[in-house]
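Q: Could we go through the side-chain contacts of this model together? I would like to begin with the charged groups and move on from there.

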Amino acid sequence: MSKPVGEDETSLDAAPPDVTSGATPASTSPVEIEDAQYYSMLEAIGQSTEDVIVITDGQGQVVYGNPNAQKLFGVTLEEAVGTQARLYLHPDDLERNLLFFAEVISTPGTSARQDVRTMSPHGEVRHLEVVCTNLLDDPSIHGIIINGKDVTERNEYVRRLQALEERFRLAFEENMAPMSFADVDDHILAVNDAFCEMVGFSREELIGRDSTPFTYPDDVGLTESTHQRVMSGLADRVRYVKRYLRKDGHVIDVEVSRSPARDAEGHILYFVFSERDITEEKKLTAQLSHQALYDSITGLANRTLMENQLAKSRASVKRRGGFNALFLLDLDDFKGVNDTQGHLIGDELLIAVARRFEAVTRPADTLCRFGGDEFLYLAEGLTSIDDVKGIARRLLAALEDPFHFLDISVEQRASAGVVVWGAADSEQIDLLQNADVALYEAKRYHRGTFVLYEPSMHEEASNRFLMIQELRNALARDELELHYQPIVHLPDTTVVGFEGLIRWHHPERGWIAPGEFIPLAESSDIILDIGALALRSAVAAASRWTPSRPQDPAPFVCVNLSAKQFHSANLVPMVESVLRRYDVPATQLILEITEGVAISNFSESMNTIRRLELLGVGLALDDFGTGFSSLSYLAKINPRIIKVDKSFVQLASSSQRDATLLEAIVTLGKNLNITMLAEGVETSEQFSRLTALGCSMAQGYLFAPAVKLELANAMVDANFTSHLGTADVGP
Ligand code: C2E
Ligand code: CA
Ligand code: CA
């Protein structure tokens, strides 16, 4: 076979075989050898290798291309032979590569290596690692052997790896999370800025060392044991929390994730650490869990923690035998302290009380602030009821000495409800409810002491509950009615006004006095509805009353206000609107409050009093003499009327001491220019005494009890005057 099918050496490439501008043209010309022999030799070379083999003559014209080359460039041998090899070079690096080839071609016997980018006639680009050998002088070859190893895939792989490395480097170095690498001995290989910042050491100080110098001493072992666990194959990726000792001496909590990087055989090459400073987070969680279980003011256990403890104690009493006791302690009149001394002193007092209770708490017992001014004390493993009483006495006695805050001294006592239980009733007993029932009993009848719960109390408690329900129904069914007790002028006993007194007309029990249901109503919001009803009825009644003589004022009406009502924001607007609705002059209405109500939350009370005064509504201090009776408060409140409590009026006849007290009170009022009204006048002796003292108004069975509206109206119309007694009227 001759040279490939009838192709002229230059016919495929019109360009002269000038391989490069600067290169010296090949000095040798093709040697005529026996074609067949020559080609079979080339075939032998070409097929013995994985590489791409191309042989050119001294002008760069392809003489031979092995099957790998034909495949790579997508041409047949026939198509390739006689073409210029330069046609297969990538145009972008053409110049550089031509220079390389020219260099080799120009010096027979030389060999050189270069990475060459090729491009097939179809546009496919490959990367070859080329060794080009000038064998022009070799008589058997007489050509240039181009041996190319296709490294396209490998190059691509390397390039991708490099890109990956760069991305990884960025991810590592720029990462906000502290990261580090360590070798199999846990010596640091690399750290990022965030890591340096976290521990306060520089890169130079860290690299090559292990973490011992900046690990909190107690946690060095932890680091070592996690290292061991991964090394020994017990774990792969481990996450743990350790403490570092920063360069500045601060201890920080860090969550560490340690992952080993392994080679193809699974051997550990190095460790990657990703870490997170959780110091703040830990502090916050600790704070939150503390907040969740402890009272923020006193630092005592809170309700949640106590409930938990109670649940445990139910189980323990069954296991251990004996019995447990729960003490519900409630401060007496604590609201008064808060209102008169302010919340700061109130809080201080709670703290001081907590410390006193704490001082007498036995180590195994639990003390908690239950909320407001209530404390709970849980005692376990008791053997006798005397134990229980002993603890109760000790707790209450802890408050005996007054509390001192700067220049003020406060007396603060408590009452307690106690519930005792043993294994038998441990499951079903409602501890808190029973303690509450006993406390109610203590508050009501044995203030300042403790009461042990008895099942019978429960009945009373549920009766109270039922009564409130009934009272609600009573309101809805209009069973409550305001009656009116005349207030007379002294000494002539003309009726100058009435006090509205509420009564409940019970369908079965008949008339029920307010003493039976008002205190109960005061414990719930139902008192507001009752109060509103009393006010409406009283003002409506007064709107019908006209003076007996045109120059006299119309009879006034007094309405009792409960504490809740007086302190409700709605009071003044409600009074105003009721007066407007019935077109009654404000001066005809008098609101009765006790001193205690006026004094509690004094500044707010004074504000309400001023606003009522502005309206023209008068104020009467009810039950005077039974409460604080502080002169300075009295002067500030400046009521229109002082109602002297019936105890002074009634006892004055039997004891000289009370007679003197009554005289003192009446004189005080006269001097302050306040109208004095004596309550509960039952006898003519009381009447004469009061008249002699110069008391200007009175009210009592001697004149009339509270009567129904129609009768009150009749009294007004008849210009009622009486000290003859009309005890037969009314309910
Ligand atoms: P209070 O305001 O001190 O009312 C005077 C009480 O003394 C009335 O009892 C009245 O019936 C009674 N009383 C009148 N004259 C005499 C007498 O000569 N001798 C004796 N021993 N008692 C006399 P009542 O009606 O049972 O009311 C009891 C308390 O219930 C009242 O005491 C008042 O605090 C409260 N209350 C009555 N109505 C209302 C009301 O509408 N709202 C509020 N918040 N409380 C009311
Ligand atoms: Ca009253
Ligand atoms: Ca009274």
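A: Let us begin with a network: Glu 124, Arg 126, Asp 150 and Glu 153 are linked to one another by salt bridges. Please keep in mind that this is a predicted model.

Q: How many salt bridges does the structure hold?

A: The structure holds 39 salt bridges.

Q: Which residue pairs with Lys 283, and how far apart are the closest N and O atoms?

A: Lys 283 forms a salt bridge with Glu 280, and the closest N and O atoms are 3.4 Å apart.

Q: Where do Lys 283 and Glu 280 lie?

A: Both are in helix 9, which covers residues 279–293. Three residues separate their positions, about one turn of the helix.

Q: Are Lys 283 and Glu 280 buried or exposed?

A: Lys 283 is exposed, and Glu 280 is exposed as well.

Q: What about Asp 295; which side chain does it meet in a salt bridge?

A: The partner of Asp 295 is Arg 369, at 3.0 Å from N to O. Asp 295 belongs to the loop between helix 9 and helix 10 (303–320), while Arg 369 belongs to strand 12 (residues 366–371), so this pair ties together parts that are 74 residues apart in sequence.

Q: And why does Asp 295 count as buried?

A: Asp 295 counts as buried because its relative accessibility is 12%, under the 20% limit. Arg 369 is also buried, at 12% relative accessibility.

Q: Changing topic to the metals: which residues coordinate the calcium ion (ligand 2)?

A: The calcium ion (ligand 2) is coordinated by Glu 499 through OE, Asn 560 through OD1, Glu 592 through OE and Asp 622 through OD, at 2.1 to 2.3 Å. The spacing of these donor residues in sequence is E-x60-N-x31-E-x29-D.

Q: Where do Glu 499 and Glu 592 lie?

A: Glu 499 is in strand 19 (residues 495–506) and Glu 592 is in strand 22 (residues 589–594), so the pair ties together parts that are 93 residues apart in sequence. Both Glu 499 and Glu 592 are buried.

Q: How far apart are the calcium ion (ligand 2) and the calcium ion (ligand 3)?

A: The two ions are 3.9 Å apart, and Asp 622 coordinates both.

Q: Now the rings. How many aromatic pairs does a search of the whole structure find?

A: The search finds 17 aromatic pairs. One of them is Tyr 484 with Trp 545, an edge-to-face pair with 5.9 Å centre to centre and 85 degrees between the planes.

Q: Which parts of the chain does that pair link?

A: The pair links distant parts of the chain, 61 residues apart: Tyr 484 is in strand 18 (residues 480–489), and Trp 545 is in the loop between helix 17 (526–542) and strand 21 (556–560). Tyr 484 is buried at 2% relative accessibility, and Trp 545 is buried with a relative accessible area of 4%.

Q: Which residues form one aromatic cluster?

A: That cluster is formed by Phe 168, Phe 172, Phe 181 and Tyr 270.

Q: One last item: what sits over the ring of Phe 370?

A: The charged end of Arg 303 sits there, 4.0 Å from the ring centre. In another such contact, Arg 356 lies over the face of Phe 403, at 3.9 Å from the ring centre.

Note on methods. Residues are numbered from 1 along each chain as its sequence is written. Chains are lettered from A and ligands numbered from 1 in the order in which they are written. This is a predicted model: local features need pLDDT of at least 70, side-chain atom pairs count only at pLDDT 80 or more; totals for chains, interfaces and linings use all residues. Side-chain values use heavy atoms; hydrogens and water are left out. A salt bridge is a side-chain nitrogen of Lys or Arg within 4 Å of a carboxyl oxygen of Asp or Glu. Helices (H or I, at least four residues) and strands (E, at least two) are DSSP runs, numbered from the N terminus. Buried means under 20% relative accessible area, exposed over 50%, partly exposed in between (1.4 Å probe, protein chains only). Donors are N, O and S atoms within 2.8 Å of the metal (3.2 Å for Na, K and Ca); water is not among the atoms, so sites may look incomplete. Rings of Phe, Tyr and Trp (its six-membered ring) pair if their centres lie within 6.5 Å; planes under 30 degrees apart count as stacked, over 60 as edge-to-face and the rest as tilted. A charge sits over a ring if NZ of Lys or CZ of Arg is within 6 Å of the ring centre and within 35 degrees of the ring normal.
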